[in-house]
Amino acid sequence: MSILKRTLALLLVVASLFALGTVSTGALTVEEQIQAANVAIAEINKKKAELEAQLAEIEDEVEAAQYKANTYAQRRALVEEELELTNTKIELKQTELSEKQMLIDETQRNYDETYALFKERLVSMYKNNTASSLSVLLGCDTFSEFLVTADNISSIAQRDTDMMDQLIQQKQELEEAKAAISEELEQLEQDKQEREELYSQLAALYQEANGELTEVQAEQAAKQEDYDELLRLREEQEKIIDALMAENSDIDYVGGYYAWPVPGYSWISSPYGWRTLFGQPNFHGGMDIAGSNAAGVGIRGQNAIASNTGQVTTAYYGTTGYGHYVIIDHGGGYKTLYGHLDAIYVQVGDWVAQGTPIGAVGSTGNSTGPHLHFEIRINGEKIDPETMVSYGT
Ligand SMILES: [Zn+2]
């Protein structure tokens, strides 16, 4: 269990004990129970802000780790491509090499055959020395015929030796070409080895970066879980407050009409109902009164008055939500709420007559500018205040 969860768990146990009225300091009033829940909400909001900062930090870390892992993966893929290309080149060179070897072998066979024939001819000429070349020569009738025949015999030998010389030269050229290919092949093999080393280095680096990424992602997920838990816990506390606020007192209904809560200020900057807040659909449980009066004096610091006679059941100096706010119980399940006050002029238990200043209009809590958030609740249900109050009354 994280420190955060332990802290919150303890806090909420305390808060719920208060809410249930089971703390041994005696029975708590509804007001005290609401205060306990509000304290819990304030604590949750503090933790929430801390977590938001941590989450933003982790998000940067995740991004950095992701980038690092991606970079290694890309480089690895590039080297892999190069390796494939080198392998293809090696295969081509090997084919070239075996083709050259085949040609060399063929040339060698030609040479061997030619040489064998030549040897055969020489042997037979030697064997038939007198009977063959000599007798051929001696068989000549004229000297000129003799010369031609002698020349023919030697030219046959010459052709054989020329042919063999040619084959030797051809073979030598082929051997040279083969050696060049072998050298290229060797270079390619070396390239391949270097790339393979680089590949395994990058693969190791990628694995390491990916491990880091997984780690920060796990941390991120855990923090996000804590964050979601906080939101859930806050909602729970808000529900407790709503339930407490819905509890009816045994005050008899005061009746009468409901007065406009900020005399002289008629502008409703945000009415009751659904609206968009920070891009999210949001239900507005009251109406906001803001702006300036006819003399051009701004609403901040002006009196918020009791819309009807009743007893103050809540006077809470909150820093979130409604901020500093007052709830007046008019009996019969009717309550009015005055939110975002800069100052509160009444105390819990006070009886206030209709029109009594209960606080100064301000901008505390979840507020973007000075305004009075005014609610009317009947049996805990928030109703549209404009159905019960109108400016000038
Ligand atoms: Zn409001």
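**Entry 1. Strand E11**

I began with the pairing of E8 and E11, which is antiparallel and extends over six bridges. I note at the outset that the model is predicted. Within this region I looked up Tyr334 and found it opposite Ile378 in E11.

I then turned to the pairing of E11 with E4. These strands are also antiparallel, with three bridges between them. Here Asp288 faces His373 of E11 as its opposite residue.

Next I examined strand E12, residues 381-383, which is joined to E11 by three bridges and runs antiparallel to it. Ile376 has Ile383 of E12 opposite it. I inspected the hairpin of E11 and E12 and recorded two residues between the strands. In that hairpin, Asn379 adopts a positive phi near 50 degrees.

**Entry 2. Nonpolar cores**

I looked up the largest nonpolar core and noted that it has 26 residues. Ala304, Val326 and Tyr338 are the residues with the most contacts inside this core. I then listed the elements that contribute two or more residues to the core: E4 (287-289), E5 (303-305), E6 (310-317), E7 (324-331), E8 (334-344), E10 (357-361) and E11 (372-378), each of them a strand.

I recorded another core, lying apart from the largest one. This other core has 12 residues, including Val30, Ala36, Ala37 and Ile44.

**Entry 3. Gly318**

I located Gly318 in the loop between E6 and E7. Is Gly318 buried or exposed? I counted 21 other C-beta atoms within 10 Å of Gly318. The threshold for burial is 20 or more, and Gly318 is therefore buried.

I looked up which residues Gly318 touches, not counting those up to four places away in sequence. Asn38 and Ala42 are among them, as are Gly323, His324, Tyr325 and Gly365.

Finally, I checked Gly318 against His340, which is 22 residues away along the chain. The separation between the C-alpha atoms of Gly318 and His340 is 8.8 Å.

Note on methods. Residues are numbered from 1 along each chain as its sequence is written. This is a predicted model: local features need pLDDT of at least 70, side-chain atom pairs count only at pLDDT 80 or more; totals for chains, interfaces and linings use all residues. A nonpolar core is a set of buried Ala, Val, Leu, Ile, Met, Phe, Trp, Tyr and Cys residues joined through C-beta atoms within 7 Å. Helices (H or I, at least four residues) and strands (E, at least two) are DSSP runs, numbered from the N terminus. Two residues are in contact if their C-beta atoms, placed from the backbone, lie within 7 Å. Two strands pair if DSSP finds at least two bridges between them.
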